[in-house]
Amino acid sequence: MIGRMRSVFSGRAAITAVVFVAVVSASPVSVERDIYGGWPQQVHLSYAGSASEMMVTWSTSNKTDSVVEYGEGGLAKTAKGSSVEFEDGGDEHRVQYIHRVRLTGLTPGHTYMYHCGSVEGGWSDLYVFTAMKDGTDWSPSFAAFGDMGNENAQSLSRLQGETQRGMYDFILHVGDFAYDMDSENARVGDAFMNQIQSIAAYVPYMTCVGNHENAYNFSNYVSRFSMPGGVQSLFYSFNVGPAHIIGFSTEVYFYIQYGLKQMTEQYKWLEQDLMEAAKPENRKQRPWIITMGHRPMYCSNNDHDDCTRHESVVRKGHIGYPGVEDLFYKYGVDLEIWAHEHTYERLWPVYDYKVYNGSLAAPYTNPKAPVHIITGSAGCRERHDGWIPNPPAWSALRNSDYGYTRFKLHNSTHLYLEQVSDDKDGQVIDSIWVIKDQHGPYSRT
């Protein structure tokens with residue numbers, strides 16, 4: 001059956017501009033040399049929340065101006081931003097400057113070339129991106145994965161090629177970067193950000209925090225990424241096509257030494273955000289609600305992580321603070337994307353350990369609970385996690401190949417999702433259609 005699967009990903013028009021970029025190897029990048037002077041490194045894009053805007057972020061070791069020159073077919077426009085000094089918490093207290101420039105006035109769906117830097121510090125390579133289409137009547141495509149490191153980033157080369165061929169509108173990195181960003185006084189983080197530049201400089205690279213970012217109160221993560229909303233990139237949401245997408249931190253439940261306030265603030269924000277997204281007038285426009293968080297509520301691995309426990313913290317809460325399962329069920333979240341486990345696992349529609357398939361013949365057609373996908377096998381130095389011998393009733397498929405997930409929102413009723421095996425040279429090893437004639441709160445009846 002696997003051999004007969006056909007991907008529906010034909011891709012957008014390939015990126016076309018006079019751009020010369022060396023494809024970066026998935027092998028670990030040298031971390032011996034610091035960032036050089038004012039030369040821009042670690043260039044990456046993030047969606048700024050509007051189809052007419054894009055955020056460009058990069059790093060230098062010297063304080064320089066923050067400038068992006070860009071345009072359609074040339075570099076006729078200039079945008080200026082600002083930088084902040086980031087001091088790593090390691091013994092060397094290394095300092096770099098994180099630059100952010102918001103590009104505004106973009107024409108939705110048009111392709112732009114750009115470079116970033118400054119006259120005094122130098123300029124980056126020339127890159128291109130396509131501004132998001134406006135409105136709800138289009139079909140955005142995504143790659144999603146977690147747990148990709150500087151070493152053994154096995155999926156990276158394939159993702160680089162697919163991104164530069166125009167297959168994706170967004171990349172979703174669901175926590176755990178570099179292994180670890182703070183290692184070697186943050187040089188491993190620098191090297192990793194340069195590794196992903198050949199993806200992240202072309203399409204918005206949207207992220208959520210994982211446990212491997214915990215050092216110094218997640219300062220490497222918070223400082224390096226620029227998600228919309230400005231809440232330290234820890235929880236945020238954005239609208240694209242027919243979907244409302246939410247990124248949040250599962251780590252607030254585990255690193256309480258950094259304070260309980262972040263746990264309460266995030267939960268209140270999640271509830272308010274979901275309440276707004278679920279209003280009938282908003283759900284009519286953007287019926288799909290998709291969440292991404294690092295540590296899953298459920299898994300059938302054998303490593304004793306939180307998701308292996310019946311009363312998992314993410315699912316049920318911690319020290320009197322509620323988890324997110326009831327909240328996501330209440331507001332009818334359609335798809336929940338997780339990572340952390342270095343494997344791929346697809347669940348049947350599940351709530352409170354009970355399976356709520358749409359029907360026996362078509363479990364993902366009008367399911368009566370959220371669909372969970374765990375996609376943490378992009379590749380890192382910790383290799384794979386194992387499985388318990390007998391999968392639970394809610395586990396639909398398990399696979400240990402290195403790889404990543406693709407999904408595409410075809411319209412308001414149809415979402416296609418597939419898992420790509422890098423071990424099997426890009427073969428699609430799993431695929432489902434989630435079909436929902438109606439979106440909204442679930443009912444157990």
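Where is the place of aspartate 180? I looked there to begin my notes. Aspartate 180 sits in the loop between strand 13 (177-178) and helix 2. Helices (H or I, at least four residues) and strands (E, at least two) are DSSP runs, numbered from the N terminus.

Before going on, I noted the ground rules. This is a predicted model, in which local features need pLDDT of at least 70 and side-chain atom pairs count only at pLDDT 80 or more, while totals for chains, interfaces and linings use all residues. Residues are numbered from 1 along each chain as its sequence is written, and side-chain values use heavy atoms, with hydrogens and water left out.

**Backbone**

I checked the peptide bond between tyrosine 179 and aspartate 180. The bond is cis, with omega about 0°. Next I looked up phi. Asparagine 185, in helix 2, has a positive phi of about 55° and is not a glycine. Asparagine 185 is buried, at 16% relative accessible area. Buried means under 20% relative accessible area, exposed over 50%, and partly exposed in between (1.4 Å probe, protein chains only). Histidine 340 also has a positive phi, about 75°. I found histidine 340 in the loop between strand 20 and strand 21 (344-347). Histidine 340 counts as buried because its relative accessibility is 9%. For background, most residues other than glycine have a negative phi, and most peptide bonds are trans.

**Helix 4**

I turned to helix 4 (residues 215-224). Eight of its ten residues are buried, so the rest of the structure largely encloses this helix. Among the buried ones are Ala215, Phe218, Tyr221 and Arg224.

**Salt bridges**

I counted 20 salt bridges. The rule asks for a side-chain nitrogen of Lys or Arg within 4 Å of a carboxyl oxygen of Asp or Glu.

Arginine 406 and glutamate 162 meet at 2.5 Å, N to O. Arginine 406 lies in strand 26 (residues 403-409) and glutamate 162 in helix 1 (residues 156-164), so the pair ties together parts 244 residues apart in sequence. Arginine 406 is buried at 6%, and glutamate 162 is buried at 4%.

Arginine 224 bridges to aspartate 190 at 3.0 Å, N to O. This pair links helix 4 with helix 2 (residues 183-195), 34 residues apart. Both arginine 224 and aspartate 190 are buried.

Aspartate 334 pairs with arginine 283, with the closest N and O atoms 3.1 Å apart. Aspartate 334 is in the loop between helix 8 (325-330) and strand 20 (335-338), and arginine 283 is in helix 6 (residues 280-285), so parts 51 residues apart in sequence are tied together. Aspartate 334 and arginine 283 are both buried.

I also noted a network of salt bridges linking Glu311, Arg315, Glu325, Asp352 and Lys354.

**Cavity**

How many cavities of 30 Å³ or more are there? I found one. A cavity is a set of points on a 1 Å grid over the protein atoms alone where a 1.4 Å probe fits but cannot get out; lining residues have an atom within 4 Å of a point. The lining includes Met181, Asp182, His212 and Tyr221.

**Surface**

Last, I checked leucine 260. Leucine 260 lies in the loop between strand 16 (243-247) and helix 5 (261-277). At 34% relative accessibility, leucine 260 counts as partly exposed.

Methods. 1 Å grid on protein atoms, 1.4 Å probe; cavity = no way out; pocket = protein on both sides within 12 Å on 5 of 7 lines; lining within 4 Å. Points joined across faces, edges and corners; volume = space filled by probe spheres on them.
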